[in-house]
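Please find below a colleague's note on the structure shown here.

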Amino acid sequence: MTPSRRTGRRSAFTLIELLVVLGIIGILVALLFPVVNTAMERGRREACKNNLKQLNEVFHNWANDHNGDYPLIKARPVDQYGNWTAMNGQSPLYLHARMLGTNGYLTDTRIWVCPSDKVDGPGNNLRVYPAADVKSILSFNISYMYVAGHRIIGSRESQPAKAPVIADEANQIENGAATPGNMKPILSVDNHGKEYRNVLFLDGHVEGLKGNNVANSIFNYLS
């Protein structure tokens, strides 16, 4: 009797099968990437909010030790009638960072950097200054803008929940030359993308705001 032969099992994929598998993997990656990216950005926004909450504590501590005044490098700016003008006469924010660090209020410079900042973020800063070097900061890329002139003791603000203190910056300059209602728009290149910014308000709460007028809306109360 002639012994039967076993049919050999195929041990490899054909080229067509391999291409089909790779195609399926490519489709899955394309479908999952936006979801993963959105989840990562959501985490970065929360980390940014945490930065602002920590800055609130720092600024509040400073004010408690300085007659209720929030940090202000220059003399409080006022208009011709003696009213302070929050959007004028501000110094670069890195000077405030250096002042707070020099005086021991905030030596961890990472808190000044938004994890989503595409221009001044962790990958584009020359380095994150360690605590020992904070006194010698000559320049530092900071991710936030600061509205100067606030107080926590005897404040003129009747609605502190509407008064912005620190917010995600627009990479187009927002400074004394800009006025409420005429601020630079929040663009896709800014910290968290187009039409979104985190804001710390004078009452201490941090809010993520969305909308095509988010650059101006936080200043409507000040105008």
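**Notes on strands, helices and side-chain contacts**

1. Strand β3 is covered on both faces: Y196, N198 and L200 on one side are buried, as are R197, V199 and F201 on the other. The strand spans residues 196–201, and six of its six residues are buried. Buried here means under 20% relative accessible area, exposed means over 50%, and partly exposed lies in between, with a 1.4 Å probe and protein chains only. Helices (H or I, at least four residues) and strands (E, at least two) are DSSP runs, numbered from the N terminus.

2. The model is a predicted one, in which local features need pLDDT of at least 70 and side-chain atom pairs count only at pLDDT 80 or more, while totals for chains, interfaces and linings use all residues. Residues are numbered from 1 along each chain as its sequence is written, and side-chain values use heavy atoms, with hydrogens and water left out.

3. The pairing of β3 involves two partners, where two strands pair if DSSP finds at least two bridges between them. With β2, the pairing is antiparallel over three bridges, and I166 stands opposite L200 of β3. With β4 (residues 206–210), the pairing is again antiparallel, over five bridges; here N198 stands opposite G208 of β4. Four residues lie between the strands in the hairpin of β3 and β4, where G204 adopts a positive phi near 100 degrees.

4. Helix α2 is mostly covered, with seven of its ten residues buried. These buried residues are L93, L95, H96, A97, M99, L100 and G101. Just after α2, G104 has a positive phi of about 80 degrees.

5. Which cysteine sulfur is closest to that of C48? The closest one belongs to C114, at 3.9 Å, which is too far for a bond. A disulfide requires a pair of cysteine sulfur atoms within 2.5 Å, and a search of the whole structure finds zero disulfides. C48 is buried at 0% relative accessibility, and C114 is likewise buried, with a relative accessible area of 0%.

6. Five salt bridges are present in the structure, a salt bridge being a side-chain nitrogen of Lys or Arg within 4 Å of a carboxyl oxygen of Asp or Glu. Side chains of opposite charge can pair when their charged atoms come close.

7. R44 is partly exposed at 24% relative accessible area, whereas E41 is buried at 14%.

8. Where does the salt bridge between R151 and D69 sit in the chain? The closest N and O atoms of R151 and D69 are 2.7 Å apart. The pair links distant parts of the chain, 82 residues apart: R151 is in the loop between β1 (144–146) and β2 (164–168), and D69 is in the loop between α1 and α2 (93–102). R151 is partly exposed, with 24% relative accessible area, and D69 is partly exposed at 24% relative accessibility. Elsewhere, salt bridges that share partners join E41, R44 and R45 into one network.
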